[in-house]
Amino acid sequence: ARVLFPSQVEAALLSLPGVAPHYQITLATDVLVVRFEPAPGAPSTATSSATISATLSERLGCRCHVERVAPGSLPRSTGKAQRVTTSPQQQGATQP
């Protein structure tokens, strides 16, 4: 299993044009799910899920499923951002 830090995902994601700094990572059993908001005025071609998924998979060395969501739809936090969650399947797999 490869160790992947949230900061690596953030660096790869935010290096792409048209991506806002609002995203959420979900750890699933066999794939990393990344939901992101496009930057204001970003063309949909620059932030297509397929393009970003391919780029993240290449840079991070793992399978990524990327979902573009509407601006303002991801939760905001006034403190430390809670950007990483686990899928229900992943939670069940870690319990004895």
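Mentor: Two strands pair if DSSP finds at least two bridges between them. Helices (H or I, at least four residues) and strands (E, at least two) are DSSP runs, numbered from the N terminus. This is a predicted model, in which local features need pLDDT of at least 70 and side-chain atom pairs count only at 80 or more, while totals for chains, interfaces and linings use all residues. Residues are numbered from 1 along each chain as its sequence is written, and side-chain values use heavy atoms, leaving out hydrogens and water.

Let's look at the sheet. It is open, with four strands in the order S3-S2-S1-S4 and mixed pairing. The edges belong to S3 (64–68) and S4 (84–86); each has a single partner strand, so one side of each is left without a neighbour in the sheet. From one strand to the next, the twist averages 25 degrees (angles run from 0 to 180 degrees between N-to-C directions, with axes fitted to C-alpha atoms, for helices over the stretch in contact).

Strand S1 (residues 19–27) runs parallel to S4, and three bridges join them. Leu-27 is the residue opposite Thr-86 of S4. Thr-26 also belongs to S1. With a relative accessible area of 15%, Thr-26 is buried (buried is under 20%, exposed over 50%, partly exposed in between, using a 1.4 Å probe and protein chains only). Leaving aside residues up to four places away in sequence, Thr-26 touches Val-31, Leu-32, Val-33, Thr-85, Thr-86 and Ser-87; contact means heavy atoms within 4.5 Å.

S2 and S3 run parallel, joined by five bridges, and Phe-36 has Arg-68 in S3 as its bridge partner. Cys-64 in S3 is buried at 7% relative accessibility. Cys-62, by contrast, counts as partly exposed, at 22%. The number of disulfides is zero, a disulfide being a pair of cysteine sulfur atoms within 2.5 Å. For Cys-62, the nearest cysteine sulfur is that of Cys-64, 3.9 Å away.

Helix H1 (residues 6–14) lies across S1, S2 (32–38) and S4, at about 140 degrees to S1. Helix H2 (residues 49–60) packs on the sheet too, where it touches S1, S2 and S3, and its direction makes about 145 degrees with that of S3.
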